[in-house]
Amino acid sequence: MSIWTRHLRSIKFDPEWPLPGSTTIETADVVIAGSGNDWGSMNPAAEAVGKVMVGGEASSVGLGGFTQGGGHGPMSSHYGLAADQILQATIVTTEGQILTANAQQNQDLLWAVRGGGAGQYGVVTEYVMKVHPAPTSVVVGTLSMSIIGSSNESIAAGWNAFAANVQSIPDMMDAGLAGHQTSFAYYVDGKAVPSISHNIYGYNMTAADFTSLLSAVLEKMRAQGANETLAVSLSEPQVFDSYNSFFQTFLNDPSVTAVAGGGSMMSSRLLGRDQLTGNVTQSQMVSYLQRILQSQDPTAGATMVIGMQGGNGTANVPESMRGALHSSWRTAYVHMIVLGSSIDPTADPKTTLKSAAKWMNEVPEEIWEEWAPEMGSYMNEANPYNANFKEAYYGDSYDRLMEIKKKYDPTSSLFVLTGVGSDAWDYNLNTGKLCQVA
């Protein structure tokens with residue numbers, strides 16, 4: 001049985017919500033929202049009162065599971081993740097209790113839903129979350145890189161420029177920029193050739209300021225090759241007069257939001273400055289990018305998405321607002337996703353996903369462990385069959401989360417793949433049966 005919260009759609013803003021447990025008369029600027037809302041309803045409602053939330057990049061993304069899993073988006077590099085905004089949650093337990101979790105009561109449950117994974121400790125029906133002043137403008141530009149020709153020199157220049165771009169991201173984010181990059185590796189005569197499209201946003205700045213901030217990145221990338229081997233460009237910046245117009249025009253692509261699934265399993269890792277620049281040379285970065293950007297089918301191309309979703313925003317979240325979220329978010333700058341597994345649409349779900357998972361665990365997951373052993377993954381966008389899910393998705397929080405789950409869901413009625421305690425169960429995708437492991 002799946003529990004559907006879609007019709008829990010209330011939205012109310014309160015600029016002076018009294019903080020529970022405050023010894024003085026302290027208030028917060030919040031939204032009180034039903035967990036069935038999505039960002040297509042939340043963003044316009046926030047803009048109507050001059051506010052912005054840490055939300056997803058597509059209007060169809062729901063508030064509930066997104067938030068409990070962490071929840072990153074265009075504003076997370078400034079304010080932290082969605083889980084870091086939770087001041088209170090109303091939760092229905094499997095034993096029928098309706099609990100309020102905040103700084104004054106059920107604090108352990110509040111800690112758990114702040115990034116400890118969705119749908120595992122009870123059914124969240126309502127959130128009280130911090131909101132922030134909306135940007136007065138958003139500047140957007142696309143930085144593109146491709147190679148010219150297919151010579152070894154051109155391909156080497158492309159990989160070096162790719163590495164220079166990735167290694168520039170922490171400085172870009174420290175300067176106030178956000179965004180995401182999509183990169184591809186396609187094959188020409190058996191050689192992997194990279195190309196990138198890097199969408200970058202700047203808040204409350206002019207187009208001239210935006211272009212100036214990116215000049216050093218463009219220079220570094222262009223320095224990796226001559227005009228006849230490498231093409232690096234920045235599009236004419238677009239300026240939006242509100243966050244919601246930026247969201248609806250630039251991010252809310254109907255061709256993406258209408259998709260319910262895809263043809264590849266994903267794997268991901270959080271990477272901080274140490275993993276991008278501090279302990280990694282450019283040649284080492286080229287090697288990591290070439291190895292991680294590969295496909296289960298050696299002749300097929302592969303896709304990578306790099307989200308600029310950590311940085312100062314997640315690092316500066318007050319201790320009082322931090323919950324069970326994986327601790328590596330506090331040092332991470334980027335969330336890097338790769339898609340390269342092969343899905344056979346003619347095979348039954350269990351067989352084809354088992355094959356894809358085996359390759360994922362033996363190739364990308366092993367590379368992540370070599371590259372960034374101390375970092376975790378973002379559980380909402382990751383390998384659902386990660387053999388090391390406890391450490392990768394929960395880290396040091398796992399044991400405490402296990403105790404909280406036993407306390408609030410003593411019958412283990414709530415099951416989520418790679419959720420806390422999920423290794424005690426076997427879920428058969430073909431039959432739908434969920435059975436305890438003997």
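Colleagues, a word on conventions before the structure itself. Residues are numbered from 1 along each chain as its sequence is written, and side-chain values use heavy atoms, with hydrogens and water left out. As the model is a prediction, local features need pLDDT of at least 70 and side-chain atom pairs count only at pLDDT 80 or more, while totals for chains, interfaces and linings use all residues.

I begin with the open sheet. Five strands form it in the order 1-2-6-4-5, and the pairing is antiparallel. Strands are DSSP runs of E with at least two residues, helices are runs of H or I with at least four, and both are numbered from the N terminus. Two strands pair if DSSP finds at least two bridges between them. Which strands stand at the edges of this sheet? They are strand 1 (11-18) and strand 5 (98-101); each has a single partner strand, so one side of each is left without a neighbour in the sheet. On average, neighbouring strands here are turned by 20° against each other, direction ignored. Angles in this talk run from 0 to 180 degrees between N-to-C directions, and axes are lines fitted to C-alpha atoms, for helices over the stretch in contact.

Strand 1 pairs with strand 2 (residues 27-34) in the antiparallel sense over 6 bridges, and Trp17 stands opposite Ala28 in strand 2. Helix 1 (residues 39-48) packs on the sheet and touches strand 1 and strand 2, its direction making about 50° with that of strand 1. Contact here means heavy atoms within 4.5 Å.

Helix 1 has a further partner in helix 7 (residues 243-251): the two pack at an angle of about 155°, with their axes 9 Å apart. That makes helix 1 roughly antiparallel to helix 7. The cut-offs are as follows: under 35 degrees is roughly parallel, over 145 roughly antiparallel, 65 to 115 roughly perpendicular, and the rest oblique. From helix 1, Trp39, Asn43, Pro44 and Glu47 meet Tyr243, Asn244, Ser245, Phe247 and Gln248 of helix 7. By class, this contact divides into 4 nonpolar, 4 polar and 1 charged residues. In this scheme Ala, Val, Leu, Ile, Met, Phe, Trp, Tyr, Cys and Pro count as nonpolar, Asp, Glu, Lys and Arg as charged, and the others, Gly among them, as polar.

I turn next to strand 9 (residues 177-188). It is joined by 12 bridges to strand 10 (residues 191-203), and the two run antiparallel. Within this pair, Tyr186 stands opposite Val193 in strand 10. The two strands form a hairpin with 2 residues between them, and Asp189 in the turn has a positive phi of about 55°. Strand 9 is also joined to strand 14 (residues 302-308) by 7 bridges, again antiparallel, with Gly179 opposite Met308 in strand 14.

Most residues other than glycine have a negative phi. Asn204, in the loop between strand 10 and helix 6 (207-222), has a positive phi near 55°. Asn106 has a positive phi of about 50° and lies in the loop between strand 5 and helix 4 (107-113).

Now to helix 12 (residues 349-362) and helix 13 (residues 364-371), which pack at about 20° with their axes 3 Å apart. They are therefore roughly parallel to each other. Trp359, Met360, Asn361 and Glu362 in helix 12 meet Pro364, Glu365 and Glu366 in helix 13.

Helix 12 also gives 6 residues to the lining of the second largest pocket, the largest share. How much space lies in that pocket? The value is about 440 Å³. Of its 20 lining residues, the closest to its centre are Pro384, Tyr385, Leu417, Asp426 and Tyr427. The lining divides into 11 nonpolar, 4 polar and 5 charged residues. On a 1 Å grid over the protein atoms alone, a pocket is an open set of points with protein on both sides within 12 Å along at least five of seven lines, a cavity is a set where a 1.4 Å probe fits but cannot get out, and lining residues have an atom within 4 Å of a point. Grid points are joined across faces, edges and corners, and a volume is the space filled by probe spheres set on the points.

Finally, a search of the whole structure finds 3 cavities of 30 Å³ or more. The largest cavity has a volume of about 50 Å³, and its lining includes Gln120, Lys405, Phe415 and Trp425.
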